[in-house]
Amino acid sequence: MAELALLTSFLAASVRLGVPLALAALGETVSERAGVINIGLEGSLIAGALGGALGALAWSSAFGGILTGAAVGALVAVVFAAFVVGLNTDQIITGTAITMGGLGVTGAVYQARFGLTGTTLTLPPLSSVPVPLLHRIPVLGPALFDQAPTAYFAVVMGILLWYGLFRTEWGLELRAVGESPDAAQAAGVRVRWTRFWATVFGGLMAGIAGAHLALDSGTFIEGMSGGRGFIALAVVVLGRWNPLWVVVAAIFFGGASALQFSMQALGWDVPHQFFLALPYLLTLAALAGWVGRARAPSALAHPWPKTSI
Amino acid sequence: MAVASEPVDFVRRVARLGLWLAFLSSACQPPGEDAGAPFQVALLTSGPVSDAGWYAGAYEGLQMIADSFGAHISHQQTRTPAEFDEAFFAYASSGYDLIFAHGFEYQDAAIRAGAEFPETTIIVSAGGRVAHNVIPLIFQLEEGSYLAGIAAGSLTKTGVIGMVGGVAIPPAEGTFDAFEAGAKSVRPDVEVLVTWIGSWNDVTAAKEAAVALLRRDVDILIHNTDAASFGVFQAVREARGDGRDVWAMGMNRDQNDVAPELILGSAVIRIPEGFVEITRLWYDGDLPGEAYYAGSKASLVDYVVNPARVAEYTPELLALLEETRTGIREGTVDIPRIQFVSDEEANR
């Protein structure tokens with residue numbers, strides 16, 4: 001029974017740790033499908049975390065925090081999109097600047113608001129909502145049906161985006177923009193418009209992911225995104241730019257992270273550095289074995305139109 | 001890809017990046033001379049001073065130095081080891097007299113800078129290398145951790161206690177060794193579990209590590225992290241919400257008021273007071289040419305019982321804590337020590 005309880009808590013932790021990655025990676029999937037790689041995702045994530053914390057305090061509700069986080073994350077992506085879509089700047093360099101700027105500005109805002117040496121915020125919690133009956137299923141129930149609302153939202157978004165991208169005209173146009181923007185334009189698709197909104201949507205989802213981080217831990221810490229924006233970029237590749245696989249890949253990565261805590265808690269006499277490295281080793285292995293044949297959108301990271309302004 | 005090869009475009013891009021960087025760095029003004037101040041003191045941290053912990057304590061110390069001595073102060077956060085040398089150079093070459101490098105990680109860069117700027121004195125918190133103008137400031141937090149261990153070993157009901165650590169560097173491992181020794185001194189069969197999360201500030205990781213430990217029947221959790229400690233407290237708060245009788249302990253700073261309902265006490269280092277003491281010694285020319293040990297003897301390290309939770313402690317336990325505290329001060333209680341300064345360094 002002890003093993004079963006351990007497995008149950010491991011699976012629940014996998015999903016918990018996977019949710020923010022899934023949210024950010026789903027948004028990034030849409031923007032990458034439109035040909036924009038947003039390295040500034042980390043900037044949206046941390047801005048969303050601070051926005052989520054401030055919003056939750058101002059509205060005294062976790063839901064208010066999520067909405068504010070989404071808005072702030074989207075706002076950061078608007079800045080990014082204005083540069084890369086509007087001015088055709090290099091996506092990698094601009095994204096790096098957005099990430100660095102996001103980490104710096106959130107720290108400055110936090111210190112301006114809460115004092116230089118910081119304070120513990122007590123945010124309204126993002127309580128888990130058990131699905132009636134289903135959460136009682138042994139082992140899988142607590143992992144899949146007793147999670148925060150954002151977890152259910154991630155799964156629903158995964159399905160909706162999959163349908164949208166691969167089964168609707170909107171998705172066809174968006175993918176065309178990412179594969180062959182010239183052809184898309186010839187077919188009457190507004191390339192820049194599509195790229196702009198796809199990128200802003202990516203920022204919005206990253207903002208929700210950031211707000212989830214803040215509300216889940218009940219406070220905001222400078223730099224609390226901890227590189228999750230970059231991991232989300234890897235999750236998109238691992239999920240082969242397919243929203244359904246992206247959700248699976250995010251939970252897989254969450255599982256790899258959860259494993260380090262479960263294994264250390266077991267008190268095994270293995271160097272803990274091994275467990276800390278495990279998520280990254282697993283990702284490398286998965287990328288090598290599984291993504292091998294997957295192909296990125298052809299026009300990914302290419303400015304458009306080529307004859308720049 | 002053809003676009004990137006056009007030289008004009010490349011120049012334009014570099015110019016844009018330059019503008020960005022100029023914008024980003026405009027917030028960091030270079031340190032200036034302050035004619036009215038008797039001397040200039042700088043602080044380097046490799047994390048945000050808003051952590052309400054290790055770095056916040058250093059920043060408070062810097063402010064106390066400004067208040068007590070009228071010194072001109074400046075603080076800089078270095079993000080990567082490559083910036084350590086740059087920061088030392090920037091401060092030392094612009095005439096700063098005393099530089100506090102707040103962490104073990106600065107020790108090698110401090111030795112290099114100390115050799116280059118013999119007029120500047122560098123204090124390295126938890127450092128392990130000594131030079132005539134590079135002095136390690138060693139907080140003997142193992143003394144406070146040992147007392148915390150006595151409290152945890154006495155108060156645990158399940159007989160399992162846990163520790164969540166940031167990065168497994170010797171100063172952090174030392175506090176956990178002492179915590180375990182303290183707990184086993186009162187309850188030899190106590191089980192002690194430790195999880196390292198590989199970061200000082202990742203709250204999410206700290207929370208999941210704490211959740212996993214609580215699942216293993218841990219009922220008292222201590223940490224040695226910075227801002228990530230909030231994740232440990234959050235996990236304990238949620239477990240208590242589920243009706244479990246579990247507690248947390250603070251470390252580094254007096255965290256008792258961070259979550260008074262669930263923190264039994266804190267193993268503290270009084271960083272600001274330590275900084276002021278070092279500055280006074282330096283000002284009077286009494287700074288030793290060797291590591292300065294800040295411990296419970298000078299009341300710079302202690303275990304502080306949370307006044308709001310004192311009812312959890314039996315009078316016998318409070319007496320035992322007091323007796324051990326006195327014993328540590330007088331050197332009659334033997335506790336595991338952290339070897340900061342190697343013998344070779346100490347004998348130079």
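Predicted model: local features only at pLDDT ≥ 70, side-chain atom pairs only at ≥ 80, totals over all residues.
**Exercise 1.** Work out the strand order of the open sheet of chain B that has parallel pairing, and identify its edge strands.

Solution. Step one is the order: six strands follow one another as S2-S1-S3-S4-S5-S11 in chain B, with parallel pairing. Step two is the edges: strand S2 (72–77) and S11 of chain B each pair on one side only. From one strand to the next, the twist averages 20°.

Step three looks at one pair within the sheet. Strand S1 (residues 40–45) and strand S3 (residues 98–101) of chain B are joined in the parallel sense by four bridges. Leu43(B) has Phe100(B) of S3(B) opposite.

**Exercise 2.** Describe the surroundings of strand S5 (residues 134–139) of chain B: which strands does it pair with, and which way do its residues point?

Solution. Begin with the partners. Strand S4 (residues 121–125) of chain B runs parallel to S5(B), with four bridges between them; here Ile123(B) has Ile135(B) as its bridge partner.

Next, take the two faces. Val134(B), Pro136(B) and Ile138(B) point one way, while Ile135(B), Leu137(B) and Phe139(B) point the other way. Last, check the burial: six of the six residues of S5(B) are buried, so each has a relative accessible area under 20%.

**Exercise 3.** For the open sheet of chain B with mixed pairing, explain why S7 and S12 each have a side without a neighbour in the sheet.

Solution. First write down the order, S7-S6-S8-S9-S10-S12. Strand S7 (191–196) and strand S12 (301–305) of chain B stand at the edges and have a single partner strand each, so one side of each lacks a neighbour in the sheet. Neighbouring strands are turned by 15° against each other on average, direction ignored.

Then consider a pair inside this order. Strand S9 (residues 247–252) and strand S10 (residues 263–269) of chain B run parallel and are joined by four bridges; Met251(B) stands opposite Ala267(B) of S10(B). Finally, H7(B) lies across strand S6 (160–165), S7 and strand S8 (220–224) of chain B, at about 165° to S6(B).

**Exercise 4.** Characterise the second largest pocket by volume, lining and residue class.

Solution. The volume is about 960 Å³. The lining has 33 residues, and those nearest the centre are Arg16(A), Ser128(A), Val211(B), Glu238(B) and Asp242(B). Elements giving two or more residues include helix H9 (191–217) of chain A and helix H8 (229–241) of chain B. H1(A) gives the most, six residues. Sorted by class, the lining has 14 nonpolar, 10 polar and nine charged residues.

**Exercise 5.** Decide whether His212(A) is buried or exposed, and list its contacts beyond four places in sequence.

Solution. His212(A) is part of helix H9 of chain A. Its relative accessible area is 5%, so His212(A) is buried; the cut-off is under 20%. With neighbours within four places in sequence set aside, the contacts of His212(A) are Arg16(A), Val19(A), Pro20(A), Ile66(A), Leu126(A), Ala148(A) and Thr150(A). One of these, Arg16(A), is also among the residues nearest the centre of the second largest pocket.

Methods: Residues numbered from 1 in each chain as written. Chains lettered and ligands numbered in written order. Heavy atoms only, no water. Buried < 20%, exposed > 50% of the residue type's maximum accessible area, 1.4 Å probe, protein only. Pairing = 2+ DSSP bridges. 1 Å grid on protein atoms, 1.4 Å probe; cavity = no way out; pocket = protein on both sides within 12 Å on 5 of 7 lines; lining within 4 Å. Points joined across faces, edges and corners; volume = space filled by probe spheres on them. Nonpolar A, V, L, I, M, F, W, Y, C, P; charged D, E, K, R; others polar. Contact = heavy atoms within 4.5 Å. Axes fitted to C-alpha atoms, helices over the stretch in contact; angles between N-to-C directions.
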